[in-house]
Amino acid sequence: MKIGIIVGSTRQNRAGKQIGEWVAARAEVRTDATFELVDLADFNLPFMTSPVPPAALGKQYPEPEIQAWSKKIDEFDGFILVTPEYNHGVPAAFKNAVDVLGSEWMKKAVGFVSYGADGGVRAVENWRVILANFNIYDIRNAVSINIFTEMSDGAFSPNERRAAEVKDLLDTLVPAARAMATLR
Ligand SMILES: Cc1cc2nc3c(=O)[nH]c(=O)nc-3n(C[C@H](O)[C@H](O)[C@H](O)COP(=O)(O)O)c2cc1C
C-alpha cells in the first residue's frame, strides 16, 4: 500500500507545506503502508484546457507537466489531501489538479487534513462531493486545524489532540485503501 500526502496549496508563504510535512512525519514511522509527501507546487500544472474531458484521454496527456502528475498519482492506493479552505470551498489550483486527470483517482481511498478559521471543514465537505465522481472511498476521520490557534508568526504549532487524530485517520485510511484495491 502506498499513500500520497498531497500538499494542495501552491501560493507563496503557504501554511500547507509545514502542515503536510508534519503529517508526513507522523505517517512515515508506520509499517502498514509507505507514505510520500507530494507537493502540488512542484508540478507546475497548467490550467485544464483539454478539448475533451481528461478522463477520456486514456492517460495520453499532451502536456508533459500533466503526464508527470498522472504518473505520480497513479502510484498511490490512497491519499491524504492537505487542503486549505478558500472562499468557503476547495482551492482552485487543487481542484484543477484533480480535474486534469481521470482514472488515476478511481476506486482509491482518501482522508483529509484541512485548515482554516473553522478548521477548513467546508472545503472538506466540498471535496467529498467532488471526489464521489471517482468512486473514491472518503473516510470519515479527519483532522481540522484552526489557523488562528495553531499557526502563529507563520509557524505551525498543532494542539495536543492532532497527533492522535492523524493516527486515527491513518488507522482507517490504510485498510480502506487496501479494500479499495480489490475493486480495481
Ligand atoms: C483566496 C483565499 C480565500 C480564503 N478563504 C478562506 C475561507 O473561506 N475560510 C477560511 O477559513 N480561510 C480562508 N482563507 C484563509 C486561509 O485559511 C489561510 O490563508 C491559510 O493559510 C491558507 O492556506 P495556505 O497558506 O496553505 O494557502 C482564505 C485565504 C485565501 C488566500
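**Salt bridges**

Guide: Searching the whole structure turns up 20 salt bridges, a salt bridge being a side-chain nitrogen of Lys or Arg within 4 Å of a carboxyl oxygen of Asp or Glu. This is a predicted model, where local features need pLDDT of at least 70, side-chain atom pairs count only at pLDDT 80 or more, and totals for chains, interfaces and linings use all residues. Residues are numbered from 1 along each chain as its sequence is written, and side-chain values use heavy atoms, with hydrogens and water left out.

Visitor: Which residue forms a salt bridge with Glu 125?

Guide: Look along helix H4 (residues 121-131), where the two partners sit three residues apart, about one turn of the helix; helices are DSSP runs of H or I, at least four residues, numbered from the N terminus. The closest N and O atoms are 3.5 Å apart, and the partner of Glu 125 is Arg 128.

Visitor: Is Arg 128 buried or exposed?

Guide: Buried means under 20% relative accessible area, exposed over 50%, and partly exposed in between (1.4 Å probe, protein chains only). Glu 125, at 46%, is therefore partly exposed. Arg 128 has a relative accessible area of 16%, so Arg 128 is buried.

Visitor: What is the N to O distance between Arg 162 and Glu 165?

Guide: Both belong to helix H6 (residues 162-181), three residues apart, so about one helical turn separates them. Arg 162 and Glu 165 are both buried. Their side chains meet in a salt bridge, N to O, at 2.8 Å.

Conventions. Helix = DSSP H or I, 4+ residues; strand = E, 2+ residues; numbered from the N terminus.
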